[in-house]
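Student: Hi, can you walk me through this one? Keep it short, please.

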Amino acid sequence: MAKTGTLVRITGPVVVAKDLGHAKLYDVVRVGEEKLVGEIIKIVGNEFVIQVYEDTAGIRPGEPVISTGEPLSVELGPGILRSFYDGIQRPLEKIEEAAGAFITRGINVAPLDHKKKWEFKALKKKGESVEVGDILGEVQETDVITHRILANDSGKLTDIRSGKFTLDDPIGEIDTRKGKVPAYMYHRWVVRKPRPYREKFPPIVPLSTGMRLVDTFAPIAKGGTACIPGPFGSGKTVTQQSLAKWSDAEIVVYIGCGERGNEMTEVLNEFPKILDPKSGKPLMERTVLIANTSNMPVAAREASIYTGITLAEYYRDMGYGVSLMADSTSRWAEALREISGRLEEMPGEEGYPAYLARKLAEFYERAGRVKTLGSPDREGSVTVIGAVSPPGGDISEPVSQNTLRVTKVFLALDASLAHRRHFPAIHWLKSYSLYTDTLDPWYEENIGSDWPTLRNEAMALLQKEAELQEIVQLVGPDALPEKEQAILLIAKMIREDYLQQSAFHEIDAFASMKKQYLMLRNIMRFYERAIGAVDLGIQLKTISGVKVREKVGRMKEIPEERLNDVEAIYKEIDREFDSLRKE
Amino acid sequence: MKEYKTVSQIAGPLVFVENVSGVGYNELVEVTLPNGNKQKGQVLDVTDTHAVVQIFGSTSGLNTTQTSVKFLGETMKLGVSTEMLGRIFSGLGEPKDNAPKPVAEKYLDISGAAINPYSRAEPRDFIQTGVSTIDCMNTLVRGQKLPIFSASGLPHNQLAVQIARQSKTKDQKEEFAVVFAAVGITHEEASFFMRDFEKTGALERAVLFLNLADDPSVERIITPRLALTTAEYLAFEKDMHVLVIITDMTNYCEALREIASARQEVPGRRGYPGYMYTDLSTIYERAGRIKGRKGTVTQFPILTMPGDDITHPIPDLTGYITEGQIVLSRDLHRKNVAPPVDPLPSLSRLMNLGIGDGRTREDHRGIADQLYAAYANGRDLRSLSAVVGEESLTDTDRKYLRFADDFEKRFIMQGSNEDRTIEQTLSLGWELLGSLPTEELKRVKVEYIKKYGAGSKGSSEAPAEKKAAQEGPSPTNPEKAAPKAPLKAKKAPSKGKRKSRK
């Protein structure tokens, strides 16, 4: 398999080698004396163009290149959770042990710990026949997640045993058509190849994110796709991190793709401290972090999102709901552009390669709620939420546009909201979700039958406000009739008392769907009563001065355990307006 | 060491050498000109037969027949030592102050290596710059990279100098150093910095690298990297807290574009190379803290936005890498507000780590948000009142308008010599917010309004500070005092009522 060729040219992250024999496109190669990791991305006759995942300074033509005969793959097995990987699944913790605080090159470390012993509990019996994807047994990977070991071959189980094993110990043996093969707790998977499933389901269950704007106006479905484009400083990363922290996914894969080093450190420091509301255990117990910061090699940045989604699909196949955050896909697209430029390919729009749209679509298509292979029957999902960083915040650029074409939820971050410290700085009118209709039955059944109505009315008010604001800009608010002024008042309440949410506030950071429903119901009740009062000739000044308004404004600070207090405000609104009426 | 006389082509800063062998990518090159002068360069592209060399300097005087090229067999390194403190170097690291080259303790690769994200420690030590708009609303922490987005004709150099001079942390005993990299700035600007460093005695704790406007532009690629290599050495091996000022990054990007076009690369936006983001990140990301090491590298790059356009690729890509930005505003500058920091587009992403109880004060986050929101609202109303006139605004709106004016005149405005403590800054913020009705203050916790708000015990805690702040340039003071008193009177009973109802 291994064939040694020689380097003939080096230009930055792209090198050219010759005489690699039967090496195939996307095969992994080892470049130079230091055995840097690279991947073949183009073959012209006897010349193999290779992108190198590490810094190439000092490498000379004439140095050897070894082909491994295998495409870029990840190791899938217990030990993935709680890990912190670089773009090609090398654990950064191990890199630190080997090289110190700065990442040097040529470090070869295994993605998973092959020495650690795991307690394997067999669920299948000797003599049973198994198929690819069947659950052979379980390993308690972290306190909250049970790692299901999936069969990698079909055939008859000639041996299987429970006990303590390392990854290199066989846990059993499968008699396949091609002969007996040992079964291990881990296997390798090619990152650029989607993992198979039996059937894809439509998205009908929402991902509860705890973010009122998202859950109310732009809900994301489990197994759906969402994109968050926004200029710098508008809160993409904070939004991504909040979604990772509070969404009700069982597994979180967080990819820091070409972003800041300190941001990843923040995630790394914070996640072990945040307790999952459901299990009471640290979030880190169900999280994998992948970081390829902006100053790490650009080719590994390109690979990082594939590494991430393959890990996500693996947990999906175990039957978990996974959400994957990619921050930011623009950096990934730029890595594509950079490599494409070095290959001297004909550029498409803004220098991006012509295959950008296809690659983006392929990536997002790996999301979904599926029935997995193998028995017992189980359902898993991968929800993909990608941040996009358009230059100058202008989403007419190719990465944003191609992303919008494939994703179903659009969370429009808005710089002017961010400047005003309205967070999350997601614009309610510009954002949309194509899942709203398919998710409505779920909301009606689980949250409140009037939820879609409340939401639509609230949205209509915000829309109306935008129209009225145009008039106000010309003639001032006093020129509007009282009723329209009342609409402005309520819309302001929706914006400030409901949509605005602080990711750093201990209580406000997360709002359950139930709390959201109660809050919105109160505001809409206030609206109804206020309009009624205006019709009776009560002055708007009196209405806006009611005492309960302050309470409505502070609803968000009421903890989840005291939802009754939120509910009580409804009656209070009625009471106060009733007495206004009497006066 | 191999020497070649096989130059086949010279184009701009690039030299093509034929029939070479054993040349490494990014290797350092020494080129001897026909007149005997020597220039340094670096290998950009190498095959088994030829190499493309980028010369750090002028290529005039080169020819294809007499020029000789020597490949030095290693990548570019800088000899570093603590003796560099107090010295001035050229953009290529040669002494410029007529003193001998300091003896190197170590030779370090100038491109550095990425800090393992696992090894990073979160920056969280508050740096008090003494500038209210930064300390209160865009707090700087040690290990952060916070650029100043400026434009031609704005006083960014004054602000940089003020920050370098006033910056301090709670623990004053720690060793502190400034590394200053001038990238393509004029002699005048460079001497402004040097004079100020000398005057304040900062020079002996500073290392200066100067690439001036008339120095070769390709050198500009090297200068910031020399500065950061020095900074990393001082911080991570000598336990110092290093503040790196790089000015002007726009010139750096221009140089990058010049080389890219000489190499006939496919241009990206506005002719800048497609890899500019990655390239800039290898500069900006060299800031931070490392677990288990005492020192830190804090970066203050300065760039001028061409045409005041924040969406121009240079500020845009910078903003995507750095942890926030301080934006200077021409409007404020015209109004004679100094420093003209516009708080609305400015941001510090690491602010939350450095503020709050035990670091600055518990009410810091809330008051910063409230000031932002109120000022943003006031500014919006300004344009509205320009159309409809101030009379048709509501009472509250008029209060916001006045707030925005006061905020500019008293909070943003402080001049380049006033050094405010964080407590002074926060009290000033509360005082200004006192002119707004309490129910408008939704960003601050009710308990903090009671504790620190205008008329509370909190604000009287520091009467001296309050006075100092009022003594500042504030022509609106007399008008302000009048509406404030009745306002407070109105507020007090309502607060009481709310309490009793509970």
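Tutor: Two terms to start. Two strands pair if DSSP finds at least two bridges between them. Helices (H or I, at least four residues) and strands (E, at least two) are DSSP runs, numbered from the N terminus.

Student: And what am I looking at?

Tutor: This is a predicted model, where local features need pLDDT of at least 70 and side-chain atom pairs count only at pLDDT 80 or more, while totals for chains, interfaces and linings use all residues. Residues are numbered from 1 along each chain as its sequence is written, chains are lettered from A and ligands numbered from 1 in the order in which they are written, and side-chain values use heavy atoms, leaving out hydrogens and water.

Student: Sheets, then. What is the strand order in the open sheet of chain A?

Tutor: The order is 10-13-15-16, with antiparallel pairing across the 4 strands. Strand 10 (129–130) and strand 16 (179–183) of chain A are the edges, each pairing on one side only.

Student: How many bridges join strand 15 and strand 16 of chain A?

Tutor: Strand 15 (residues 172–176) and strand 16 of chain A share 5 bridges, antiparallel. One named pair is Glu173(A), whose bridge partner in strand 16 is Pro182(A).

Student: What holds strands together in general?

Tutor: Strands of a sheet pair through backbone hydrogen bonds, either parallel or antiparallel.

Student: Which strand of chain B pairs with strand 1 of chain A?

Tutor: Strand 5 of chain B pairs with strand 1 (residues 3–11) of chain A, antiparallel, over 2 bridges. There, Ile10(A) has Val46(B) as its bridge partner.

Student: So let's do the whole A–B interface. How many residues does each chain bring to the contact?

Tutor: Chain B brings 78 residues and chain A brings 75. Contact means heavy atoms within 4.5 Å.

Student: What area do chain B and chain A bury?

Tutor: About 6,500 Å², with 52% of it on carbon and sulfur atoms. On chain B, Tyr25(B), Tyr118(B) and Tyr320(B) lose the most area to chain A, together 13% of what that side buries. Buried area is the accessible area (1.4 Å probe) that two parts lose on being put together, summed over both.

Student: How many salt bridges cross between chain B and chain A?

Tutor: The rule finds 5. A salt bridge needs a side-chain nitrogen of Lys or Arg within 4 Å of a carboxyl oxygen of Asp or Glu. Asp497(A) forms a salt bridge with Lys442(B), with the closest N and O atoms 3.3 Å apart.

Student: And how many residue pairs are in polar contact across chain B and chain A?

Tutor: There are 31, both residues at pLDDT 80 or more. Several elements of chain B each supply at least two residues of its side, among them strand 7 (68–75), helix 4 (219–236) and helix 16 (477–501). Helix 10 of chain B gives the largest share, 8 residues. By class, that side of chain B has 34 nonpolar, 22 polar and 22 charged residues.

Student: What counts as what?

Tutor: For polar contacts, a pair of N or O atoms must lie within 3.5 Å; within protein, one must be able to donate a hydrogen and the other to accept it, and residues adjacent in sequence count only if both atoms are side-chain atoms. For classes, Ala, Val, Leu, Ile, Met, Phe, Trp, Tyr, Cys and Pro are nonpolar, Asp, Glu, Lys and Arg are charged, and the others, Gly among them, are polar.

Student: New topic. Which domains is chain B divided into?

Tutor: Domain 1 (2–75), domain 2 (78–351) and domain 3 (364–464). The bounds come from an automatic or database domain assignment.

Student: What area is buried between domain 1 and domain 2 of chain B?

Tutor: About 870 Å², of which carbon and sulfur atoms give 70%. In domain 1 of chain B, Pro13(B), Leu14(B) and Phe56(B) lose the most area to domain 2, together 46% of what that side buries. The salt bridge count between these two domains of chain B is 0.

Student: Last one. Where are the cis peptide bonds?

Tutor: One joins Ser375(A) and Pro376(A), with omega about -10 degrees. Pro376(A) is in the loop between strand 23 (368–371) and strand 24 (379–388) of chain A. Another joins Ala338(B) and Pro339(B), with omega about -10 degrees.
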